[in-house]
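Let's walk through a protein model together, one piece at a time.

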Amino acid sequence: MVNHSTIVMKKILKIYKGFENVKWIIHGWGEDYGLKLLKNCYKALPDSGKVIVIDGILPEELEVTTTEKCMALMDVLLLNLNVGAKERTYKEFVALANAARFTR
């Protein structure tokens, strides 16, 4: 599934350049700044606008796969770079988006 997702994402990035410089951003910030970033995006969007978050998703329960080991390592590295920075689970991303007034 990872390879398929990578192929699809590469195709999306070739076609749509609007978010080329903002991918992998939210994980670099704690809850306060991540929420502020998403709220600013929400304010700037037209009524039918969307925000596409391109970030790694930490699984709810870690397993011993290479991908999940890398995600856990990234979480530790981010914490060393910026207090509060972290990888998030899907549920944490949804909670952050909902707090910024985004809905599905």
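Find Glu 31 and Arg 88: these two form a salt bridge, with their closest N and O atoms 3.3 Å apart. A salt bridge here is a side-chain nitrogen of Lys or Arg within 4 Å of a carboxyl oxygen of Asp or Glu. Glu 31 sits in helix H2 while Arg 88 belongs to the loop between H3 and H4, so this pair ties together parts that are 57 residues apart in sequence. Before going on, keep in mind that this is a predicted model: local features need pLDDT of at least 70, side-chain atom pairs count only at pLDDT 80 or more, and totals for chains, interfaces and linings use all residues. Residues are numbered from 1 along each chain as its sequence is written, and side-chain values use heavy atoms, with hydrogens and water left out.

How much of each partner can be reached from outside? Arg 88 is buried, with a relative accessible area of 0%, whereas Glu 31 is partly exposed at 37%. The cut-offs go like this: buried means under 20% relative accessible area, exposed means over 50%, and partly exposed is in between (1.4 Å probe, protein chains only).

Lys 86 is in the loop between H3 and H4 and Glu 31 in helix H2, so here the linked parts are 55 residues apart in sequence. Lys 86 counts as partly exposed, at 23% relative accessibility.

Now hop from Lys 86 to Glu 92. Those two form a salt bridge as well, with 3.1 Å between the closest N and O atoms. Glu 92 is partly exposed, its relative accessibility being 29%. Put together, salt bridges that share partners join Glu 31, Lys 86, Arg 88 and Glu 92 into one network. How many salt bridges does a search of the whole structure find? The count is 3.

Stay in the loop between H3 and H4, where you'll also find Thr 89. This residue counts as buried, at 10% relative accessibility. What does Thr 89 touch, leaving aside its neighbours within four places in sequence? The list is Ile 57, Leu 58, Pro 59 and Glu 60, where contact means heavy atoms within 4.5 Å. With Glu 60 there is also a polar contact, side chain to side chain, at 3.4 Å. A polar contact is a pair of N or O atoms within 3.5 Å; within protein, one must be able to donate a hydrogen and the other to accept it, and residues adjacent in sequence count only if both atoms are side-chain atoms.

Time to look at rings. The whole structure has 1 aromatic pair. Its members are Tyr 42 and Phe 102, with ring centres 5.1 Å apart and planes at 90 degrees, so the pair is edge-to-face. Tyr 42 lies in helix H2 (residues 31-44) and Phe 102 in the segment after helix H4 (90-99), so the pair ties together parts that are 60 residues apart in sequence. For the rule behind this, rings of Phe, Tyr and Trp (its six-membered ring) pair if their centres lie within 6.5 Å; planes under 30 degrees apart count as stacked, over 60 as edge-to-face and the rest as tilted. Phe 102 is buried at 15% relative accessibility, while Tyr 42 is partly exposed at 30%.

Leaving aside neighbours within four places in sequence, Ala 97 is in contact with Leu 38 and Phe 102. The C-alpha atoms of Ala 97 and Leu 35 are 7.6 Å apart, though 62 residues separate them along the chain.

Finally, zoom out. The chain has 4 helices and 0 strands, and its elements run α-α-α-α from the N terminus on. Helices (H or I, at least four residues) and strands (E, at least two) are DSSP runs, numbered from the N terminus. Of the 104 residues, 21% count as buried. Among contacts with a separation of 6 or more, 70% come from residues 24 or more positions apart.
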